[in-house]
Amino acid sequence: MKARRLKRIDRLIKTAGFVNTKSLENFDWSPVTLPDTTSKTDLVELKFIERCENIIAVGAVGTGKTFLATALGLRACTKDKLVRFYRCLDLVNTLLESHRQGRLKKMMAQLSKAELLIIDELGFVPLHRDGAELLFNVVAQAYEKQSVIITSNLQFGHWNSVLGDNRLTAAMIDRLVHHAHILAFTGESFRLKQALSGVKNTGIDDQEVRET
């Protein structure tokens, strides 16, 4: 029985499509400001998925948004929940390709089966209008039926620079935030800290690195 369950969890993790696997036990919560509507326990126990609520993680690059999204997704897999993880641009390109090949309906049906849909890195690359509309359709389909985690380096007021249309942007944000926990990530990039730590060990001043 245990072996069968472990096999199922392994299958769910592979199906999810995580870029990396991350553990909540190793996550540093210090850069995260939680809203009054949630707590660390609510997130870790995945209560937001049971209620079909969303998480929107907003903050600077390298502050742990993808780490937390991945760790929550992995935890969901261990609880027998179907998860799908996509980088935003990858998801949009997959949707566009499915549309060109006449398989969009099938693709949307597959996405609708996920109990948790993770869209990572919204904001790094402006989307073509057709792609932005398809992304909106995914969010609209999930509304009040699935949980969505979105990570972004942009505040809501700048999402139109990615989606390219003010009305589309407003409609997407409206659906996402209606039942959402908005997490603010602050501080310096973990990767930059690690890099600077290595630089200090060589005797080079970190201010010199920042100015190059």
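Guide: Thr70 touches Phe18, Asn20, Thr21, Lys22 and Phe85, leaving aside residues up to four places away in sequence; contact means heavy atoms within 4.5 Å. This is a predicted model, in which local features need pLDDT of at least 70, side-chain atom pairs count only at pLDDT 80 or more, and totals for chains, interfaces and linings use all residues. Residues are numbered from 1 along each chain as its sequence is written, and side-chain values use heavy atoms, with hydrogens and water left out.

Visitor: Where is the place of Thr70?

Guide: Thr70 belongs to helix α4 (residues 65-78); helices (H or I, at least four residues) and strands (E, at least two) are DSSP runs, numbered from the N terminus.

Visitor: How is a pair of aromatic rings described?

Guide: One gives the distance of the centres and the angle of the planes. Rings of Phe, Tyr and Trp (its six-membered ring) pair if their centres lie within 6.5 Å; planes under 30 degrees apart count as stacked, over 60 as edge-to-face and the rest as tilted. By this rule there are four aromatic pairs. In one of them, the ring centres of Phe18 and Phe85 are 5.9 Å apart and the planes stand at 55°, so the pair is tilted.

Visitor: Which parts of the chain does the pair link?

Guide: Phe18 lies in the loop between α1 (2-16) and β1 (32-33), and Phe85 in strand β3 (residues 83-87), 67 residues apart.

Visitor: Is Phe85 buried or exposed?

Guide: Phe85 is buried, with a relative accessible area of 5%; buried means under 20%, exposed over 50%, partly exposed in between (1.4 Å probe, protein chains only).
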